[in-house]
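Hello,

Here is the structure I promised to pass on. Have a look at it first, and then read my notes below.

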Amino acid sequence: MKRLGLIIILFAAIVAPATAKDLNVAFIDMQYILKNLPSYESANEQLTLISKRWQKEIDAAQQEARILATNYQTEQIFLSDEMKRKREEEIVAKENEVLELKRKYFGAEGELFKKREALIKPIQDEIYGVIQDIANEKFIDVVKDRSSDPSLIYMSSKLDISDKVLQKLGAR
């Protein structure tokens, strides 16, 4: 049994370097590609505008909650127990409204996430399709994103296909 394991390890040690050596690798810089795509810039601008509009709505609701709380603090000594309870409920309701707006717009499954998915995903899909086409044309086995690989120390510029991707996308 040990002998079989040793044979497998020796076989892997002999075959693995040959297989890795035969891999045709290319790199892209996704940040560079996205920065040079007008459709991506436009989508980002739309997301920024929408995000700012929603943030203003949240800020306004927060301001209303602060005003309610401040008014309550100053008027508290003049209020009956029933009025105090009613005002406290109002403040809590307004604070809950703010939390709900934050979750609705900026939560994990919120409107911003959905809008980003609708605007950015088609662009990413198009980029990946072009990368796959180039990889197939040039018989490239592996394409890595150098902008997201902190372990990449050096790369020959002839391995970078970012400009080819942009060219096929009709950018620049």
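A word on handedness before the details: a crossing is left-handed if the near helix is turned anticlockwise from the far one by less than a right angle, and right-handed if clockwise. This is a predicted model, where local features need pLDDT of at least 70, side-chain atom pairs count only at pLDDT 80 or more, and totals for chains, interfaces and linings use all residues. Residues are numbered from 1 along each chain as its sequence is written, and side-chain values use heavy atoms, with hydrogens and water left out.

Helices (H or I, at least four residues) and strands (E, at least two) are DSSP runs, numbered from the N terminus. Axes are lines fitted to C-alpha atoms, for helices over the stretch in contact, and angles run from 0 to 180 degrees between N-to-C directions.

Let me start with H5 and H6. Their crossing is right-handed, at roughly 115°, and the axes come within 10 Å. On the H5 side the contact (heavy atoms within 4.5 Å) includes Ile127, Val130, Ile131 and Ile134, and H6 brings Lys164, Val165, Lys168 and Leu169.

Next comes H3 (residues 38-75), which packs against H5 (residues 111-137) at about 175°, with the axes 10 Å apart. That makes H3 roughly antiparallel to H5 (an angle over 145 degrees). Among the residues that meet here are Tyr40, Leu47 and Trp54 in H3 and Leu112, Leu119 and Ile123 in H5.

H3 also packs with H4, at an angle of about 165° and with 10 Å between the axes. This pair is therefore roughly antiparallel too, and H3 passes H4 in a left-handed crossing.

Leaving aside neighbours within four places in sequence, Asp29 is in contact with Asp145, Arg146, Ser147, Asp160 and Ser162. Counted the same way, Ile28 is in contact with residues including Ile33, Ile131, Val143, Ile161 and Val165.

Best wishes

Definitions and conventions:
Parallel < 35°, antiparallel > 145°, perpendicular 65-115°, else oblique.
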